[in-house]
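Me: Please take me through this structure by question and answer, with the cut-off behind each term stated as the term comes up.

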Amino acid sequence: MPFLSSQPTVRRMHTELGYSVTCHASMYTGVRPDRHGLWFIWQRRPQTSPFRWMRPFRFLDRIDNLPMHVLATKISRRFTRTSSWFGIPYPVHVRWRDIPDLDVAERKLWPEPHYLETAPTIFDLMQAGGIRVEIVGMNRKPPRGLSAWRTWQPSANPARFTFLFAGDVDHESHALGQDSPQVTSLVKQVDELIEDRYVRMAASGARPRLVVWSDHGHHDVRPLNPLAFFKDRGFELRRYPHVIDTNFIRFWIDDVEERARCVNALDELGIGHVLTADELTQYRVDMRDDRYGNVIFYVDLPWALSHTIWGFGRRLASAHGYLPSYPKSDAVFVSSEPAREGPLDLVDVAPSLATLLDLPVPADLDGSSVFTSEAATG
Ligand SMILES: [Zn+2]
């Protein structure tokens, strides 16, 4: 990425323990997960579950099969409004009886007004400040991502904030691996497109300032089938309400003694460990309730679970969601503007953008601007 790597600021950025939903919320609010509340897409929230109409049928175990999960989701989608990235995904590997308790943690797309009830996003601040925003690539239908960038040209009178979004690199990395020739080529295209559009914007008389960020890195992984793995070891996964993500299995176990026994059994499996109360606090993911589970089993590298609530993970070369202390978990932060010294964190993104846009930075954020206020003028 010759253009990006020639910028005055090229830095690593510390990420969150979680997936992109956690990262986006931290980046765009400037507060950590225990304050913005987004950790996983699937949460247990029976009172708002789009599947709550299924409750009378929940103990019909004989209809617990994939076509019924798909049908139930299709029906639920009809009367649930969502504009979020994932919408209401099909719950694939999950107990039928648990589905009526599950809800998605986000119903909107993060640039939309009032994305979160817990904290305003940088997009809310821009709207309040009357800043015109142009968003490129964040479409649900094609062209999206890099394809949308290709067809986009800056106008003679560009918006104050142009947001180019692409999930292509993440998507291809999952399937083919971060170091694959295809992903290397994609990354090169990202660099070329940014350079070209930046140069064109500058040529039109605007003075563009560039900030580029990602939300996390990627790790090469080895797929592991959790259904077979747990069965072989005599752990009855289906005995408890649970949700399987790529490298987490989250349980809801009411009985305190049974919970303790499960924690011990999980810790002895040799593929990860149950997050302790101290870790939840340290990673700023303690939600003070059990919406994301009361036993959070973290599966460590090199393992990535193939059979999850999301599906089958047939193409799973690379994944994220591992401990933020691993260097490969780091995100990146690049800018045409000089940044302060010291470690950078996802929560620094929102206040940094606010500073560049001359918007008041909310007090009491967890992050702080990486730019000085002199950088704002222009
Ligand atoms: Zn991803």
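**Core, sheets, helices and loops**

Me: Leaving aside its neighbours within four places in sequence, with which residues is leucine 346 in contact?
Reply: This is a predicted model, in which local features need pLDDT of at least 70 and side-chain atom pairs count only at pLDDT 80 or more, while totals for chains, interfaces and linings use all residues. Residues are numbered from 1 along each chain as its sequence is written. Two residues are in contact if their C-beta atoms, placed from the backbone, lie within 7 Å. With neighbours within four places in sequence set aside, the contacts of leucine 346 are Met13, His14, Thr15, Glu16, Cys23, Ser26, Met27, Asp215 and Ala331.

Me: Which residues have the most contacts inside the largest nonpolar core, and how many residues does this core have?
Reply: A nonpolar core is a set of buried Ala, Val, Leu, Ile, Met, Phe, Trp, Tyr and Cys residues joined through C-beta atoms within 7 Å. A residue is buried if 20 or more other C-beta atoms, placed from the backbone, lie within 10 Å of its own, exposed if 12 or fewer do, and partly exposed in between. The residues with the most contacts inside the largest core are Tyr28, Trp42, Ile122, Ile296, Phe297, Leu346 and Ala350, and the core has 68 residues.

Me: How are the axes of α7 and α8 oriented to each other, roughly parallel or roughly antiparallel?
Reply: Helices (H or I, at least four residues) and strands (E, at least two) are DSSP runs, numbered from the N terminus. The axes, lines fitted to C-alpha atoms over the stretch in contact, with angles from 0 to 180 degrees between N-to-C directions, come within 9 Å for α7 (residues 168–176) and α8 (residues 181–203) and cross at roughly 170 degrees. The contact involves Asp168, Val169, Glu172, Ser173 and Leu176 of α7, and Gln182, Val183, Leu186, Val187 and Val190 of α8. Because angles under 35 degrees count as roughly parallel, over 145 as roughly antiparallel, 65 to 115 as roughly perpendicular and the rest as oblique, the two helices are roughly antiparallel.

Me: In which order do the three strands of the open sheet with β15 stand?
Reply: Two strands pair if DSSP finds at least two bridges between them. β1 and β15 pair in the antiparallel sense over five bridges, with methionine 13 opposite alanine 331, whereas three bridges join β6 to β15 (residues 331–335), also antiparallel, with valine 212 opposite valine 334. β1 (9–13) and β6 (211–213) are edge strands, each pairing on one side only. The order is therefore β1-β15-β6.

Me: How many of the five residues of β15 are buried?
Reply: β15 is mostly covered. The count of buried residues in β15 is four.

Me: Which strands stand at the edges of the four-stranded open sheet?
Reply: This sheet has antiparallel pairing and the order β9-β10-β12-β11. Each edge strand has a single partner strand, so one side of each is left without a neighbour in the sheet; these strands are β9 (242–244) and β11 (272–274).

Me: How far apart are the end C-alpha atoms of helix α10?
Reply: The expected span of a helix is 1.5 Å times one less than its number of residues. The twelve residues of α10 (residues 256–267) should therefore span 16 Å, which agrees with the distance between its end C-alpha atoms, 17 Å.

Me: Where does the proline of the cis peptide bond with leucine 301 lie?
Reply: The cis bond joins leucine 301 to proline 302, with omega about 5 degrees. Proline 302 is found in the loop between β12 and β13 (303–305).

Me: Is histidine 114, with its positive phi, buried or exposed?
Reply: The phi of histidine 114 is near 55 degrees, a positive value in a residue other than glycine, and its place is in the loop between β3 (102–104) and α5 (122–128). Because 11 other C-beta atoms lie within 10 Å, histidine 114 is exposed.
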